[in-house]
Amino acid sequence: MNKKMINSYVGITKDAVFKDGNKVFSFNESELLNENLRALYKSEDLKYSKFYKMDHLSRLAYLSSELLFKDLELSSDTFNEMCIFLTNSTASLDTDSAHQKSISSNENYQPSPSVFVYTLTNIMMGEIAIRYKIKGENYCLIFNKFDAEFMHEYSDMLFEFYGVNHLLIGWVDVLKNDYKSFLAYVSKDMNAKWDFNSDNLIKSYKNELR
Amino acid sequence: MKDVYITGSNIVSPLGMTTQENYSKVKKGVSGIDQIDDRHYYPSAFYGSLITDNQFLVQEHSRLESMFIHSIQTAIDENTEPIDKENCLLILSTTKGNIDLLDEGDEIHKDVFLGTLSEKINAHFGFKKNPMMVSNACISGVMAINMAARYIETGKYSQVIVSGGDIITEFVVSGFSSLMALSAGHCRPYDKERDGINIGEACATIIMSGANTNSSVKVLAGFTSNDANHISGPSRTGDGLYNSISKSLEDHKISTREIDFINAHGTATAFNDDMESKAFKLAELDHTPVNSFKSYFGHTLGAAGVIESIISVESMKDNCLIKSLGFKQNGTTFDLNVIGENCNKNVTTVLKTASGFGGCNAAVIFQKDE
């Protein structure tokens, strides 16, 4: 049985973007989330028009996935069977608040379907799945704090007993101008650098795994 | 892999406060859906399944928390084995949690955070293991059951409590209304005249164990899959749901002929029911008897997978196929064998499926322990 390894990971914080623990892009701290994500999209020279329809949570998840997968050269078969396992603490509250505002007064009652569809946290997984044609298992769970032990234990089970060979795992969280994203690609690739365990998950979540 | 047994359950819904009350009403063809004309929920009248008997309310807890507490406590009281508070795991499932506590202000009420909701319920019962909260659209309940079954199958836990709940709120009703997804009357899954969903509120609990203490039903954990097609529209081909069904059956070496009936998602939107008919055709399950319980409970979102699994299990134990209320004439892309009237049949194996926004699909199998 090959060991499970973290091949690569991406972190987006309020200050900067990290790839495998190295800073690859700096945000202008005085800018709002929206402006920073647009700047990142432009700097990566991405051409994915769906980006502009997404809410902040999906944009953050989508951009993280682009940065993670761009150098990995994974095959369509790999994506097809990949499992996505995402967690966060604020669910879809960033967009929930927008939907709530749209129904807050009788005079200006305008719920929007294009906002409402983003009031489910797992939509961010759907957006990544559509971008890469990922058709494997999906998991979306909510915790008040990043829970590396749970995430490692359950995904270890997926590899050992439930046929998972490729896993996209992470934490993507947005509420107003607080945001944090962490995505890692885990597989049984022996050439990868890091063992997949809860200590390394915590280090990579902090962009400190090198 | 260890066997997984159902040792207890509960349903809190407009049809009753126990599994037995709910099952006997469903068997009689009673629906919880009615017209709701109350500005608290929506500016105009709509059809939904609302709990009006508020006996379950617990002091210092929200409406949804009270439902969770009542449902879990009742399931524990009726469970065939005592609960090991030190070692049991609680998995909750919801789409929107305490979303009724969200207002337009800048400060978000702490109980709106789903992690806080699961911690509060866990603390109420004094469970020592950290709880889990699944929020994966309309497959949340089936996903939670599958996770629980896997934890037991692999020996990580020997007792897991799954509870799914969601309430009717203006937040949800206005959203589905904006999507033009609400039915003008009672929803009619798979019917030619179907025109959308009814929102429902409910909470349902299943207790699973690795030990067979007077249980007659096993849970065979299934798989989830993604359509990778559209965030709010179901797959055009049904291949995502097909994949989750075929992987689940293969994993347990169960042939399609062994499935006595399917309790499907059946929301009664045009697109969802068509997609399911394509998936069942692909799986060669289009001749298998199928029903949807959405016309009894409405679409109860995070509770749906749990509540529908419980009613399916009760109907299996009762050897009774339950009619898909509201169905008159086939109206899906491929004709399905929709159950039109209750009938007696020896049932040993049931397939339960769910699909949701974000392109997600899930399946789970229940089987008599014989």
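## A residue in the core

A148(B) touches I91(B), V160(B), V162(B) and M208(B), leaving aside residues up to four places away in sequence. Touching here means contact: C-beta atoms, placed from the backbone, lie within 7 Å. This is a predicted model, where local features need pLDDT of at least 70, side-chain atom pairs count only at pLDDT 80 or more, and totals for chains, interfaces and linings use all residues. Residues are numbered from 1 along each chain as its sequence is written, while chains are lettered from A and ligands numbered from 1 in the order in which they are written.

The largest nonpolar core holds 181 residues. Such a core is a set of buried Ala, Val, Leu, Ile, Met, Phe, Trp, Tyr and Cys residues joined through C-beta atoms within 7 Å. A residue is buried if 20 or more other C-beta atoms lie within 10 Å of its own, exposed if 12 or fewer, and partly exposed in between. I91(B), A148(B), V160(B) and M208(B) touch the most other members. Helix 4 of chain B (residues 140–153) gives the most to this core, with 9 residues. Helices (H or I, at least four residues) and strands (E, at least two) are DSSP runs, numbered from the N terminus.

## Strand 16 of chain B

T349(B), L351(B), T353(B) and S355(B) point one way. V350(B), K352(B), A354(B) and G356(B) point the other way. In a regular strand the side chains alternate between the two faces of the sheet.

Strand 16 of chain B pairs with strand 11 of chain B (residues 261–263) in the parallel sense, over 3 bridges. Pairing requires that DSSP finds at least two bridges between the strands. N263(B) stands opposite K352(B). With strand 17 of chain B (residues 360–368), strand 16 of chain B pairs in the antiparallel sense over 8 bridges. There, C360(B) is the bridge partner of G356(B). The hairpin of these two strands has 3 residues between them, and G358(B) takes a positive phi near 90°.

## Chain A as a whole

Chain A has 8 helices and 8 strands. Its radius of gyration is 17 Å, close to the 17 Å that the globule rule gives for 210 residues, so chain A is as compact as a globular protein of that length. The radius is taken over C-alpha atoms, and the rule is 2.2 Å times the number of residues to the power 0.38. Of the 210 residues of chain A, 49% count as buried. Among contacts in chain A between residues at least 6 apart in sequence, 68% join residues at least 24 apart.

## Helix 1 of chain A

Helix 1 of chain A (residues 33–43) has N36(A), L37(A) and L40(A) as its buried residues. Seen down the axis, these fall within an arc of 95°, so they line one face of the helix. The arc is that of the directions from the helix axis to the C-beta atoms. They pack against strand 2 (16–19), strand 3 (22–26) and helix 2 (56–69) of chain A.

On the other side of helix 1 of chain A, N34(A), E35(A) and K42(A) are exposed. Just after the helix, D45(A) takes a positive phi of about 55°.

## Where the chains meet

The contact takes 41 residues from chain B and 42 residues from chain A. Helix 5 of chain B gives the most to the side of chain B that touches chain A, with 5 residues.

Key. Two residues are in contact if their C-beta atoms, placed from the backbone, lie within 7 Å.
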